[in-house]
2 protein chains.
Amino acid sequence: MSRNPIDEVLHAKSAAVVGATPSGNWGGGGFLAGLIQYGFKGNIYPVNPKYTEAMGLKVYPTLLDIPEQVDYVISCVPARLALGILEQAVQKGAKTTHLFTARLAETGRTEGIETEKKILELAKKSGMRLIGPNCMGVYAPAHGISFHADFPKESGPVGLVSQSGMLAREIVKNAPFRGIYFSKVFSYGNAIDLNESDFIRYLADDPETSVILCYIEGAKDGPRLFKTLKYAAAKKPVVILKGGRGQSGARATSSHTASLAGSFNTWGALAAQTGAVMADSVEELIDLAATFRFLPSVKGKRVGVAGGAGGSSVLAADGCESAGLDVIPLSDAFRQSLKAQGVSVWDWIGNPADLSIREDESLSVGLMLEMMARDPDFDLLISIMGMPGGAPPKPGLTPEEIFRQQYRLDVTRNKPFMAIVADKSLGVGDDIDFEWKMLCQTRTTLIKLGIPFYPTAQRAAIAAAKAFEYYRYFNR
Amino acid sequence: MSRNPIDEVLHAKSAAVVGATPSGNWGGGGFLAGLIQYGFKGNIYPVNPKYTEAMGLKVYPTLLDIPEQVDYVISCVPARLALGILEQAVQKGAKTTHLFTARLAETGRTEGIETEKKILELAKKSGMRLIGPNCMGVYAPAHGISFHADFPKESGPVGLVSQSGMLAREIVKNAPFRGIYFSKVFSYGNAIDLNESDFIRYLADDPETSVILCYIEGAKDGPRLFKTLKYAAAKKPVVILKGGRGQSGARATSSHTASLAGSFNTWGALAAQTGAVMADSVEELIDLAATFRFLPSVKGKRVGVAGGAGGSSVLAADGCESAGLDVIPLSDAFRQSLKAQGVSVWDWIGNPADLSIREDESLSVGLMLEMMARDPDFDLLISIMGMPGGAPPKPGLTPEEIFRQQYRLDVTRNKPFMAIVADKSLGVGDDIDFEWKMLCQTRTTLIKLGIPFYPTAQRAAIAAAKAFEYYRYFNR
């Protein structure tokens with residue numbers, strides 16, 4: 001029985017980059033650099049009749065000149081040359097070819113549409129499988145494959161299936177700022193052969209992947225996607241950002257990946273019936289990635305919020321409530337316990353706990369969060385961080401130790417614990433700002449501790465509410 | 001006829017800070033520092049029986065010891081001492097007193113509620129007006145008044161009326177990252193005397209203010225607020241963020257500023273009938289501030305988008321459409337003009353214009369935007385900036401000159417022109433990232449050029465759609 005065509009790529013014994021150039025960050029040069037710099041284990045063959053040497057490797061005039069069989073071919077040639085290259089790839093026994101080659105059906109031009117058809121016919125006839133065309137292909141750092149030289153070499157448990165290569169880049173480059181790294185990323189473009197369902201199914205079965213993110217413009221096979229999502233979401237969280245929701249977006253998907261966007265309502269129904277989670281934006285996709293990556297199962301919607309001042313507490317309450325969480329009032333028992341512990345504002349403090357009303361050391365964000373963590377009334381904690389005017393850190397402790405004490409993490413992390421750290425749109429020279437440096441330090445510390453953070457309470461609440469629905473669906 | 005009590009503060013000939021301390025950034029020290037460091041023109045009198053000298057000034061034991069009449073008093077004393085201080089302020093002829101003093105009705109405790117009542121009775125009887133209690137008071141850099149020592153000394157045409165002092169701080173500190181500076185900011189807390197309507201009315205008549213922002217938890221006088229908003233919005237844009245929308249938010253407003261939050265639906269109706277613009281979050285409030293501050297009147301909803309890659313173009317289309325803008329297709333005439341200018345992808349490029357499909361120099365973001373600017377079909381332009389892989393800047397030009405050429409600003413700025421520049425949640429050391437530095441440079445250049453920018457196309461679109469509704473309401 002033949003192996004999965006994606007395994008044929010990840011475990012290829014040899015790879016050829018057709019159209020490789022001696023240097024440069026893009027096109028052939030980029031893919032070649034990706035194999036070399038990320039430590040691809042098999043043999044690497046640059047192919048280009050114009051050159052003899054690239055990045056220290058011998059360049060072959062054509063695929064047919066390579067002395068051994070080639071498992072994996074990356075085609076970076078212009079569309080008019082693609083068919084010839086693919087015929088050679090078949091001759092060389094390639095199991096899978098990735099077509100970076102673009103300007104095919106997505107142009108809407110007869111020539112491109114016809115060429116794409118012929119490419120697919122050749123694949124069907126030969127049995128060689130295709131990724132693309134019009135895509136960036138594979139990033140799998142542990143397997144030594146990358147499509148950009150500046151992607152992290154570090155792996156993580158998040159998988160990504162993206163119809164757009166630039167969006168995949170945006171996600172892979174920005175997610176590490178939230179502590180998120182990737183197992184495998186597939187940019188799959190026009191998807192004439194291998195499509196979203198193949199990649200999602202692969203990640204569902206992949207032990208190195210615990211969360212699956214998707215950016216999909218149009219499903220190539222709706223019924224199969226339905227079955228695949230049902231299978232995958234039952235194994236691990238699957239988050240989908242759908243591109244091309246309205247009329248203009250649908251026009252854009254057609255000229256981007258030759259995709260039929262389909263009705264957006266259908267996608268809502270698809271998610272509801274499979275347990276997949278819909279994200280409304282790239283930002284929300286990353287929020288949900290952080291949530292499923294770092295947060296334990298969210299078992300209820302009753303949230304305790306602490307750490308903000310007056311206005312931010314009011315707005316956090318509004319944001320949580322509009323996202324569907326229950327910002328429950330403090331119970332009498334909770335207040336009596338505050339009183340018993342000498343908290344002078346026991347009668348005044350609420351949920352959200354506005355820490356700016358502190359009169360003395362009897363009240364702290366750590367005490368509030370610990371009490372909420374121990375109280376079965378609360379399912380989830382949100383801690384607003386980075387309010388100016390906090391206590392200075394004790395000398396001699398690492399930032400993680402300070403956080404562990406300040407937020408009483410040994411207790412509070414027994415519940416899902418989300419942190420709020422504001423973003424700022426800095427300009428040149430603004431990074432000398434003390435408050436900004438403090439926010440950066442807070443984020444770095446949270447990443448080290450494995451605590452997910454969000455720029456606003458509302459964004460945390462939306463992610464928590466969606467995670468809760470996911471876990472409820474599967475009764476986890 | 002007596003002057004407006006807010007003018008009595010801004011043009012006070014003498015100010016006393018009761019409870020001033022010799023140093024420190026908060027409480028009495030902060031307000032004293034605000035007057036001294038921001039160049040308050042009148043005489044400044046620190047008052048505190050515990051000290052004799054503060055920040056180089058003589059400290060008076062009581063208000064009554066000050067040798068001259070005192071126009072403006074800032075009370076930083078604990079609640080139990082407030083009434084006595086106010087009686088002295090009346091004796092000294094104070095026109096207006098700002099009560100930083102808190103822990104009154106917002107505590108929900110009988111004692112605080114009673115004291116607050118007596119304070120108001122005294123004010124009514126004496127004619128002395130009050131700002132607060134439980135608030136930060138006034139920031140008016142051109143008048144030498146500030147409630148934080150790290151606020152900008154630079155003035156701008158935006159006014160802010162905020163029931164929350166910490167939220168006022170957040171807005172004043174973050175808005176400059178978007179190029180926004182303030183004329184006057186009023187943090188007004190429990191608002192037992194001067195309330196939201198007084199401050200909004202003042203800013204409506206203030207020639208130094210062209211946009212009014214508000215954060216309101218509860219209206220003290222609904223019918224008056226209705227009249228005030230109708231008056232103010234007809235003169236200049238008024239943007240309102242309502243805090244305390246749901247049940248839990250309403251509880252939080254009560255313990256924050258002793259406010260009755262009221263039904264949020266009422267606020268929607270209030271905005272619809274007065275022409276005020278509702279913001280849904282602090283981020284949107286600042287987006288709208290940038291929009292009304294920098295964008296010319298938005299006269300229609302037909303938007304042209306250019307500069308993104310494939311996926312970001314699709315998502316920008318979705319974001320614009322969901323915000324209510326019309327992302328119109330390119331007309332035949334537009335395409336013919338592209339063709340006539342030698343653009344090879346004239347048949348393929350769309351709106352949004354995905355610049356990643358460029359085959360050669362015949363297509364550029366500047367050309368697309370210029371053609372959209374000249375085409376009467378488009379009311380508004382959105383330019384997605386900061387995509388990696390752009391052309392390197394020409395040597396010898398300033399960043400502003402490069403932008404002026406690259407985006408053909410002499411033509412394109414004749415239409416409302418919005419820029420999209422992504423945010424990133426950086427951690428320690430991440431600021432060495434080249435792409436991040438490029439984004440910072442882009443933001444700084446846009447601020448210098450007076451072009452508003454937004455982290456996502458959807459946020460720009462929401463702001464543009466709301467601005468359009470504002471201008472349509474007043475037929476501008």
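## Salt bridges across the model

A salt bridge is taken here as a side-chain nitrogen of Lys or Arg within 4 Å of a carboxyl oxygen of Asp or Glu. The model is a predicted one, and by this rule the count comes to 47 salt bridges over all chains. One of them joins the side chains of A:Asp379 and A:Arg302, at 2.9 Å from N to O. Because A:Asp379 lies in the loop between helix H13 (365-374) and strand S15 (380-384) of chain A, and A:Arg302 in the loop between helix H10 (282-294) and strand S14 (303-306) of chain A, this pair ties together parts that are 77 residues apart in sequence. The two partners fall into separate accessibility classes: A:Asp379 is buried, with a relative accessible area of 14%, while A:Arg302, at 30%, is partly exposed.

Elsewhere, salt bridges that share partners join A:Arg103, A:Arg109, B:Asp347 and B:Glu359 into one network.

## The interface of the two chains

The contact between the chains takes 71 residues from chain B and 71 residues from chain A. It buries an area of about 5600 Å², of which carbon and sulfur atoms give 53%. Between chain B and chain A there are 5 salt bridges, including the one in which the side chains of B:Glu359 and A:Arg109 meet at 4.0 Å, N to O. The interface also holds 26 residue pairs in polar contact, both residues of each pair being at pLDDT 80 or more. On the side of chain B that touches chain A, the elements that give two or more residues are helix H5 (165-174), strand S12 (238-242), helix H8 (247-257), helix H10 (282-294), helix H11 (310-322) and helix H16 (434-449) of chain B. By class, that side has 24 nonpolar, 22 polar and 25 charged residues.

How are the two chains related? A rotation of 180°, with 0.0 Å of shift along its axis, superposes chain B on chain A at an RMSD of 0.0 Å, which is the relation of a two-fold axis. Since 100% of the interface residues of chain B are also interface residues in chain A, the copies meet through the same surface.

## Buried side chains

A:Lys184 has its place in strand S10 (residues 182-187) of chain A and is buried, with a relative accessible area of 2%. Its side chain makes a polar contact of 2.8 Å with the side chain of A:Asp206, and among the residues that A:Lys184 touches are A:Tyr139, A:His143, A:Leu160 and A:Glu208.

B:Thr274, in helix H9 (residues 264-274) of chain B, is buried at 0% relative accessibility. A polar atom of its side chain lies 2.7 Å from the backbone oxygen of B:Leu270. Leaving aside residues up to four places away in sequence, B:Thr274 touches B:Phe226, B:Leu229, B:Lys230, B:Ala233, B:Tyr473 and B:Phe474.

## Backbone features in loops

A cis peptide bond, with omega about 0°, joins A:Gly132 and A:Pro133, and A:Pro133 is found in the loop between strand S7 (129-131) and strand S8 (137-139) of chain A. That loop between S7 and S8 of chain A also holds A:Asn134, which has a positive phi of about 65° although it is not a glycine, and which counts as buried at 18% relative accessibility. A:Ala258, in the loop between helix H8 (247-257) and helix H9 (264-274) of chain A, has a positive phi near 50° and is partly exposed at 27%.

In chain B, a cis peptide bond joins B:Asn351 and B:Pro352, with omega about 0°, and B:Pro352 is placed in the loop between helix H12 (332-340) and helix H13 (365-374) of chain B.

Methods:
Residues numbered from 1 in each chain as written. Chains lettered and ligands numbered in written order. Predicted model: local features only at pLDDT ≥ 70, side-chain atom pairs only at ≥ 80, totals over all residues. Heavy atoms only, no water. Contact = heavy atoms within 4.5 Å. Buried area = accessible area lost by both parts, 1.4 Å probe. Polar contact = N/O pair within 3.5 Å; in protein donor to acceptor, adjacent residues only side chain to side chain. Helix = DSSP H or I, 4+ residues; strand = E, 2+ residues; numbered from the N terminus. Nonpolar A, V, L, I, M, F, W, Y, C, P; charged D, E, K, R; others polar. Least-squares fit on C-alpha atoms with pLDDT ≥ 70 in both. Buried < 20%, exposed > 50% of the residue type's maximum accessible area, 1.4 Å probe, protein only.
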